[in-house]
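Biologist: Before we use any labels for this chain, I would like to see what each of them rests on. Show me the structure and we will go through them.

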Amino acid sequence: MYETDVPTASYASAVSAVRGTAATAAITAEQCDEAHRSAAIIVGYAVDEGSEVLHTVQFPSRPEAQSCEFFVKTGYCKFAADCCFHHPAEHAVQLTAMDLPFRPGQAVCPFYLKTNQCKFGPPCKFHHPHLKPIYAGSAAAEAAATGV
Ligand SMILES: [Zn+2]
Ligand SMILES: [Zn+2]
């Protein structure tokens with residue numbers, strides 16, 4: 001019997017209620033599903049200036065050694081405490097809560113702005129400010145679509 005597939009009694013009564021109404025009056029399952037999905041669709045991201053939580057990672061200071069080239073260039077060193085080179089503190093980059101580099105002087109990472117992710121991580125040369133999602137159908141999405 002197909003009733004055994006119905007998960008709850010309330011669902012079963014809801015289904016029978018819909019069946020009881022005229023076919024033209026009831027919203028289809030597809031329409032309902034679509035409405036729910038579009039409410040949560042993220043169409044893009046906008047920079048949310050000022051809400052960053054930043055931290056820095058400590059790297060070994062070895063003034064007697066050569067400066068770590070990678071660190072001087074990117075402000076980050078993947079070898080961290082295991083690196084035998086010197087890491088001058090003035091080159092250290094601040095990292096966001098997502099461990100992405102915060103570089104206010106640089107352009108916002110285009111990949112990050114689109115997806116809220118950056119596969120390059122801390123060495124990425126772009127800026128990664130905090131982003132807020134733009135939902136489909138929201139005022140921000142309308143503004144972005146119309147260019148206002
Ligand atoms: Zn290093
Ligand atoms: Zn990036």
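Modeller: Among contacts in the protein between residues at least 6 apart in sequence, 48% join residues at least 24 apart. Two residues are in contact if their C-beta atoms, placed from the backbone, lie within 7 Å.

Biologist: What kind of model is this, and which numbering does it use?

Modeller: It is a predicted model, in which local features need pLDDT of at least 70, side-chain atom pairs count only at pLDDT 80 or more, and totals for chains, interfaces and linings use all residues. Residues are numbered from 1 along each chain as its sequence is written, while chains are lettered from A and ligands numbered from 1 in the order in which they are written.

Biologist: What pLDDT does the protein average?

Modeller: The average is 83, and 78% of the residues score at least 70; pLDDT is the predictor's confidence in each residue, from 0 to 100. Over residues 6–18 the pLDDT is below 50, and beyond near neighbours in sequence this stretch has three contacts in the model.

Biologist: How many helices and strands are there?

Modeller: There are five helices and four strands, in the order α-α-β-α-β-β-α-β-α along the sequence. Helices (H or I, at least four residues) and strands (E, at least two) are DSSP runs, numbered from the N terminus.

Biologist: Why is Cys118 called buried?

Modeller: A residue is buried if 20 or more other C-beta atoms lie within 10 Å of its own, exposed if 12 or fewer, and partly exposed in between, with C-beta atoms placed from the backbone. Cys118 has 20 other C-beta atoms within 10 Å, so Cys118 is buried. Its place is in the loop between α4 (110–115) and β4 (131–135). Of the 148 residues of the protein, 14% count as buried.

Biologist: Why is Ala80 called partly exposed?

Modeller: Ala80 has 13 C-beta neighbours inside 10 Å and therefore counts as partly exposed. Ala80 lies in the loop between α3 (69–74) and β2 (94–95), and its phi is near 45°, a positive value in a residue other than glycine.

Biologist: Which residues make up the largest nonpolar core?

Modeller: Its six residues are Leu95, Leu100, Cys109, Tyr112, Cys118 and Cys124. A nonpolar core is a set of buried Ala, Val, Leu, Ile, Met, Phe, Trp, Tyr and Cys residues joined through C-beta atoms within 7 Å. A second, separate core of five residues includes Cys68, Phe71, Tyr76 and Cys77.
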